[in-house]
Amino acid sequence: MSVQSSVPASGRRRTAGLVLIAGAMVAVLAACGGGSANSPAAAPSSTDPGSGGPNTPPGAFGTAAAVSAASLEVQNQSTGQVTVNFGSSTKFSNSVSAALSDVTVGECAVVSGTAAGTGKVTATTVTVSPATSAGCSAGFGGFGGGGGGRTRPSGVPPTRSSGGNRSGGGANAGGRAFGTVSAVTGSTFTVHSTSRQSGSATDTAVTVDGTTKFTKTVSATSSALAVGECISALGQTDDTGAVTATSIAISQPGPNGCTQGFGGGRRGGAGGTTGTTNG
């Protein structure tokens, strides 16, 4: 014997209609991103043109791909292309060819070569620049650093003491020296430096020969900018990724292009040291 539903046919139709409407609303909410409080949140975007870690100095390093009257495009294999804007307050420096005659008492000098005994270096490269008001203890020269003259010049890694700590100068086992030129005699000059950690003074005798390559860092203007040069720009990055440069250091590329980058091949380092490559 069949059992008759006690719900009138019209009631059954209304119930079915409500179920269909509720199902449609759930589908619409799912399509619009609605869901329960336990739904996983969307992953944040990882693209940040100015991101380089907590110790990254704000700015850009790479090869100049385009130059205009008030900006340039800087390309970097790791971080991509960045627009760098500059103006009348931007400080420019340029690394140019030099000679032993440019090494004078009072200049800042960075030397890379081979150790020739205690306190002695035979130089492969020598880079000089004018001292800042703080001398050479705050960093190389003072051009292009944007923050106390902390720009490390052409292809020179941070000077480290024998204990592996960063220091204001001296020579290490790798045959490097940084500091103030205190004397010049023939093909030898003396680099005087003071350790930032211990405060101890060091004098390094540097010998040069016909194979030593000399460069000097000089003050420049935007007219020195050219496509293909290595650019180390410091300045704040806006929300579009563009940099407003307070300083721009220019140098020529080495055999592998502009590969040194901030902090010796990475964007950022202790103290915000920057660098450029010059073959």
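The model is predicted, so local features were taken only at pLDDT of at least 70 and side-chain atom pairs only at pLDDT 80 or more, whereas totals for chains, interfaces and linings use all residues. Residues are numbered from 1 along each chain as its sequence is written, and side-chain values use heavy atoms, with hydrogens and water left out.

The protein chain contains one helix and 15 strands; helices (H or I, at least four residues) and strands (E, at least two) are DSSP runs, numbered from the N terminus. Of its 279 residues, 38% are buried, where buried means under 20% relative accessible area, exposed over 50%, and partly exposed in between (1.4 Å probe, protein chains only). The accessible area of the protein chain is about 14300 Å², of which carbon and sulfur atoms supply 55%; areas come from the Shrake-Rupley method with a 1.4 Å probe, and for residues only the protein chains shown count as cover. Among contacts (heavy atoms within 4.5 Å) with a separation of 6 or more, 61% are between residues 24 or more positions apart.

A nonpolar core is defined as a set of buried Ala, Val, Leu, Ile, Met, Phe, Trp, Tyr and Cys residues joined through side-chain atoms within 4.5 Å. The largest such core has 16 residues, and Leu72, Val84, Phe92, Leu225, Ile231 and Ile248 touch the most other members. At least two residues each come from strands E1 (59-67), E2 (71-76), E3 (80-85), E13 (230-237) and E14 (243-251). The most is given by E14, with four residues. Beyond its neighbours within four places in sequence, Val84 contacts residues including Leu72, Val74, Ala233, Val243 and Ile248. A second, separate core holds 14 residues, among them Val121, Val126, Ala177 and Val206.

One aromatic pair was found, with rings of Phe, Tyr and Trp (its six-membered ring) paired if their centres lie within 6.5 Å, and planes under 30 degrees apart counted as stacked, over 60 as edge-to-face and the rest as tilted. The ring centres of Phe86 and Phe92 are 5.6 Å apart and the planes stand at 85 degrees, so the pair is edge-to-face. Phe86 is buried at 11% relative accessible area, and Phe92 is buried at 5%.

Strand pairing requires at least two DSSP bridges. Strand E4 (residues 91-97) pairs with E14 in the parallel sense over four bridges, and Lys91 has Ser247 of E14 as its bridge partner. E4 also runs antiparallel to strand E12 (residues 213-220), joined by six bridges, with Val96 opposite Lys216.

Two disulfides were found in the whole structure, the criterion being a pair of cysteine sulfur atoms within 2.5 Å. They follow the pattern 1-2, 3-4, with bonded cysteines counted along the chain. Cys108 is joined to Cys136 at an S to S distance of 1.9 Å; the torsion about the S-S bond is about -100 degrees, so this disulfide is left-handed. Cys108 lies in strand E5 (residues 108-115) and Cys136 in the loop between E6 and E7, so the pair ties together parts 28 residues apart in sequence. Cys108 is buried at 0% relative accessibility, and Cys136 is buried at 4%. The C-alpha atoms of Cys136 and Gly179, 43 residues apart along the chain, are separated by 5.8 Å.

In the other disulfide, the sulfur atoms of Cys230 and Cys258 are 2.0 Å apart, and the link is left-handed, with -90 degrees about the S-S bond. Cys230 and Cys258 are both buried.
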